[in-house]
Amino acid sequence: MAGDAPRTAVAADADATETAALEAPDPGPGPTWRGSRRYLRWESGLALALVGTVLLGVGLSGQFLTSTNILNLGLSNGEVAIMTLPMMMVVIAGEIDLSIQSTLALSSSVVGYLWLHHWSMPLIIVTVLVLGALLGLINGLLVTRLGLPSLAVTIGTLTLYAGVAEIVLGATIVSNFPAAYTSIGVNAVPGTGLSYSAVIFVVLAVVTGVVMHATAFGRSVFAIGANADAALYTGIRVKRVKTTLFVVSGLVGAMAGVLFTFRLSTAEYGNGNGLVLSVVAIVLLGGVNIFGGRGTVAGVFLAVLVFSILQNALLLTNFPQSASGIVTGGLLLVAILVPNAGDLLRRGRRLVRRMPGGWS
Amino acid sequence: MGAVMTAGLGMAPAATAAGHPLKKGLKVFVVPKNLGNSYFTTADSVKSGGALAALKALGEQGQETSGTADSPSSQLPVIQADLSKGANALVISATDPTALCPTLNAAMKRGVVVVTYDSDAPACRSLFINQASPQGIGAVEVDILAKELHNQGQIAVVSASASDTNQNTWIGYMKTELKKYPKMKLVSIVYGNDDTATSTQVTQGLLSRYPNLKGIISPTTVGIAAAAAVLDTAKYRGKVKLTGLGTPDEMKKYVADGTVQAFALWNPASLGYLAAYAAVELASHSITNAKGQSFTAGKLGKFTVGAGHTVLLGPPFVFNKSNINKFNF
């Protein structure tokens, strides 16, 4: 989205886009019935994949269904799972937030730093969540007010926030957190057998599902992702919605940072390094369109399960942990290629036709 | 090494007088600080006669697992995965004295045996297998450097990670030993995180920040090798002395060309071997972790549990030009 100044130019371009939209099977604001059907198919595929990975896990290891393993499954993927939710919303709106892993790292570092400086833990948690929201706000303002592409902005802040994290903690590793908090890294939520992070993920997924699929805000996110110009003309405050999404992303990134710190009982600046790739891979595997406009929380939820269980099953069979990147990378490719094969072709052709118009 | 005296016992089954016979088929996970670290490869592998060799000889299911970085956030998920895999015992070099504790204590409560080796987590293990007394290690490195520097000049330390229990303990004893040499001044401690590139960078940083630096101690095998590579130029060779803890294979070249005159270490393979043996003894209820309990660790002979639930491998060993070629690890 360009800034305010060139709006007339955008308007002229919007006509062309609208014509294109008429020809293309692209839905307008909100998912159409046709879109939903298509996604039911993708989610059915994911559900099948889920059954497959569970069978794989059971078949490969007698340890798969033990309570220890099920707890560990949630523990080791909880933060990634939580971060897929805001990532999904941002991607549906046609943007991306790669800085979320550094938001996690910086939040973790700040938790450690403030704990070293004898702050009380509840105050630290609140401070860090506010900080996360601010980090998201910076991303949001850079993207919407300066009209910069979010890919570039958040690659920048990915590095920037990680750098600040390193300055905050340096080589120090803080690990003397109180047992009341670090117990979330070893105990299940009573009565569930699931880790705290897994339960938080389920709750947030339900909230995200309601927001995205049953509120005006959610519909506006889909509309913006499908066609930002058209959304603007239907009265949606595109910039405000996008900024809100980045703030939510930062807030959730900070929450993941707090959980990560307590789970591993460790605050260090390198925490969470590399997780964003898993987050993006899962979101795309969940059927969220990388170009925006389409996706469901159910799809992402299923993708989280498929991804986590597959990694866990491989781990139990002594698949080298260093090679787990193969799983992430492979899923990422499958997720992009399979559902978008048709789209990619169409878009390629359309882009070529619209070349002088450029990206936005 | 006192243990060598009783080495004649060989691989005889090690049922102690009072204890139960050793169980077979135990799942024992060996968790070094990180993978791809030649010190731990030696400590753990079958080929070098380390922890996995002991486990194989005892008929256990041994496996080495760890993360790729020397940090608790890299090591802990692996430990959790090992517990998922149904571990009976863990043999761990702790990346942090306390960060692993919630997980390890929960595991011990469920009956998993936790033995630390190389780097301790005192609050959450049954036994610590100590490679050499920390005083001995800290003192020997300072003494080697003092001799080479004729007791004077600026020196610095290139350590691993700032949270490593063993590194910090040794550096503490180095400071104590330095009081014997009032003309030697410790000007800086830098951290290479047991990563070659980082260790190289921080060593270069030291040399440019302290032009009068006369000596470097690197009490970690990755650090000393990286520092030696930096010093191995006409500008620094022999002018900035280097010692610390290194492996003979990595240091042979630098000892031969005079970059390094002497350095210390224990035999990491013996350390891993002893730790694995102790873990199996505990998991079989053949011994407890009480002071005075003793067991025979195969080819290494007899060991006794000392104060603080620790077992001491032996005194550090100094490698120099005259003996280094006898060692291969």
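# Reading a two-chain predicted model

In chain A, residues 24 or more positions apart account for 80% of the contacts with a separation of 6 or more; contact means heavy atoms within 4.5 Å.

Q: What should I know before reading the values?
A: This is a predicted model: local features need pLDDT of at least 70, side-chain atom pairs count only at pLDDT 80 or more, and totals for chains, interfaces and linings use all residues. Residues are numbered from 1 along each chain as its sequence is written, chains are lettered from A and ligands numbered from 1 in the order in which they are written, and side-chain values use heavy atoms, with hydrogens and water left out.

Q: How many helices and strands does chain A have?
A: Helices (H or I, at least four residues) and strands (E, at least two) are DSSP runs, numbered from the N terminus. Chain A has 14 helices and 0 strands.

Q: What share of chain A counts as buried?
A: Buried means under 20% relative accessible area, exposed over 50%, and partly exposed in between (1.4 Å probe, protein chains only). Chain A has 360 residues, and 50% of them count as buried.

Q: How many residues of chain A are in contact with chain B?
A: On chain A, 26 residues are in contact with 28 residues of chain B. Area is another way to read an interface. Buried area is the accessible area (1.4 Å probe) that two parts lose on being put together, summed over both. Here that area is about 1900 Å², and carbon and sulfur atoms give 55% of it. I173(A), V186(A) and L264(A) supply 22% of the area that chain A buries against chain B, more than any other three residues.

Q: Which polar links cross the interface?
A: Two rules apply. A salt bridge is a side-chain nitrogen of Lys or Arg within 4 Å of a carboxyl oxygen of Asp or Glu. A polar contact is a pair of N or O atoms within 3.5 Å; within protein, one must be able to donate a hydrogen and the other to accept it, and residues adjacent in sequence count only if both atoms are side-chain atoms. Between chain A and chain B there are 0 salt bridges. The polar contact rule finds 9 residue pairs across the interface, both at pLDDT 80 or more.

Q: Where are salt bridges found, and are their residues buried or exposed?
A: The whole structure has 9 salt bridges over all chains. One of them joins D120(B) and R125(B) (2.8 Å, N to O). D120(B) is buried, at 9% relative accessible area, and R125(B) is buried too, at 12%. K180(B) and E177(B) also meet in a salt bridge (3.0 Å, N to O). There, K180(B) is exposed at 56%, whereas E177(B) is buried at 9%.

Q: Which residues cover the two faces of strand β5 of chain B?
A: In a regular strand the side chains alternate between the two faces of the sheet. Strand β5(B) spans residues 127–130. L127(B) and I129(B) lie on one side, F128(B) and N130(B) on the other, and all are buried.

Q: Which strands pair with β5(B)?
A: Two strands pair if DSSP finds at least two bridges between them. Strand β4(B), residues 113–117, pairs with β5(B) in the parallel sense over 3 bridges. V115(B) has L127(B) as its bridge partner. Strand β13(B), residues 310–312, also pairs with β5(B) in the parallel sense over 3 bridges. There, V311(B) is the bridge partner of I129(B).
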